[in-house]
Amino acid sequence: MRYILIILFCSFSFAASAKKLKMEASKVELGQLHLGLGVGVGVAKNPLHGGDDFPLLLLPDIAYYDEHLYFDNGQLGYTFFDEKNHVVSFIAEFNPEKRFFVFWNPSNVFLKNTIAFIENPEEVIGDDTVKSVDSNDVAKRRWALDSGINYQYFHENFIARINVLTDISNIHNGWRAGVELEYHFNIGNFIVQPIVGIWHKTAELNNYYYGLSQRDNVGITYKLDGVWQPYAHLQLTYPLSQNKAVLLKLSYDDYSDTSASPLFKYDYAVNIFMGLKYIF
Amino acid sequence: MKLTTSLVIILSLSLLLALEEAIAKNSSPVLSVSPKVCVISEEKQICELTLNFEWKLTQEQDICLLENDKQVQCWQKTSQAKLSHKAYVQIETVYSLVNPQTGNKLAQTKVEVQSSHLKTQRRRLRSPWSFF
């Protein structure tokens, strides 16, 4: 939560000193594959007990747009309304909660105890009496395919987005709805893009990924209700040429409402990446 | 995270945005152009048009109007002016007001080129680099 406020504070401090230019929505050529690659250092922190942090050394940016159909960084969409300020699309994407249950690092199996020992206990949520459950020990969580409606409002100073998605793969059988605001301004040669938003996720979705039941066979059960999940992202770009730039990306997803689950070690998920981006 | 806390965050953000916009409207340099859009046909792939510029700064200074980084006209110690400019545009063209001494870009606007027969571009609907 505090990190959201920090990112907001930084963004609006920047905004106060920024030169006022109208926000330009980025455009893509129809029928052409847009490929970008970020090379640098970063990490996607995993908030679960036993979960692997994911090293971010390469950051892809992949988009393909046709007049109606598009694929953009993992989201497949069909735009059926596209006017001056309003765009409405059907969308489909994999539910991102599954990423915390992907075991990226084979050494996790051998180093798990060592890692648990050196972690800073002050940052671990809850108290010692609450039983924690390792995400490696529970039943497999599967990728769910969510689909729904995406509405975007393009204002000259910001973009507002509303998403409503439901599970169409019969995995979690829940739904999620979210609203977000994206802002865009320049400070000198820096391009600053803060995004803030909030998701509402239903009990079915939360229980599938973060609840504990008999199928997990860990000796306890745990049920969650619907939750609110705010987030803040900040992207700083310093262009070096037409297709090269320095990129800093920070994101903070708040899991306070979900973190009472014994699976959670932290009540937030943070990603950070810094490197050079190249657009092909 | 309680619902009320989340609502307070969203409301605070909206208020900040509105406030910043209101302040910016009163204090920012303004550059406007008319017309803003030119439609090209399949036969004639270039727009030949007279653009009417109007700009206003918060204080007098030396200023240049650039067309995609190419100088159109400069003024000395001026805070506002109007200009008619004969332009030939084939692609989206950005016009900006730049202080020639500091290199600071103070305002910009653009003339869009639309094709009467084919749409070649569209707005991207996700934030770039949004995989993570």
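These legends walk through several close-up views of a predicted two-chain model.

Because the model is predicted, local features need pLDDT of at least 70 and side-chain atom pairs count only at pLDDT 80 or more, while totals for chains, interfaces and linings use all residues. Residues are numbered from 1 along each chain as its sequence is written, and chains are lettered from A and ligands numbered from 1 in the order in which they are written.

View 1. Start with pLDDT, the predictor's confidence in each residue, from 0 to 100. Chain A averages 85, with 81% of its residues at 70 or above; chain B averages 81, with 75% scoring at least 70. Helices (H or I, at least four residues) and strands (E, at least two) are DSSP runs, numbered from the N terminus. In chain A, strand 8 (residues 145-154) has the highest confidence, at 97, and helix 2 (residues 108-118) the lowest, at a mean of 37. Residues 106-124 of chain A fall below 50, and beyond near neighbours in sequence this stretch has six contacts in the model (a contact means C-beta atoms, placed from the backbone, within 7 Å). The complex as a whole gets an ipTM of 0.80 and a pTM of 0.67 from the predictor.

**View 2. Strand 14 of chain A and its two partners.** Strands pair here if DSSP finds at least two bridges between them. Look for Tyr231(A) opposite Asp253(A). Strand 14 also pairs with strand 15 (residues 268-279), again antiparallel, over eleven bridges; here Lys249(A) sits opposite Phe273(A). Eight of the eleven residues in strand 14 are buried (20 or more other C-beta atoms within 10 Å of a residue's own; exposed is 12 or fewer, partly exposed is in between, and C-beta atoms are placed from the backbone).

**View 3. Gln152(A), a buried glutamine.** Gln152(A) belongs to strand 8 of chain A and counts as buried because it has 22 C-beta neighbours inside 10 Å. Leaving out residues up to four places away in sequence, Gln152(A) touches Val87(A), Ile159(A), Arg161(A) and, over in the other chain, Leu125(B). His86(A) is 66 residues away in sequence, yet the C-alpha to C-alpha distance to Gln152(A) is 5.8 Å.

**View 4. The buried face of helix 3 in chain A.** Helix 3 (residues 203-210) buries Leu205(A), Asn206(A), Tyr208(A), Tyr209(A) and Tyr210(A). Down the helix axis these residues fall within an arc of 165 degrees, so they line one face; the arc is that of the directions from the axis to the C-beta atoms. They pack against strand 10 (175-183), strand 12 (190-201) and strand 13 of chain A.

View 5. Most residues other than glycine have a negative phi, and most peptide bonds are trans. The bond from Ser34(B) to Pro35(B) is cis, with omega near -5 degrees, and Pro35(B) lies in the loop between strand 1 (30-34) and strand 2 (37-40). Asp69(B), with a positive phi near 75 degrees, is in the loop between strand 3 (47-67) and strand 4 (70-89). Lys77(B) has a positive phi too, about 40 degrees, but within strand 4. Asp69(B) is exposed, with 8 C-beta neighbours inside 10 Å, and Lys77(B) is exposed with 9.

Conventions:
Two residues are in contact if their C-beta atoms, placed from the backbone, lie within 7 Å.
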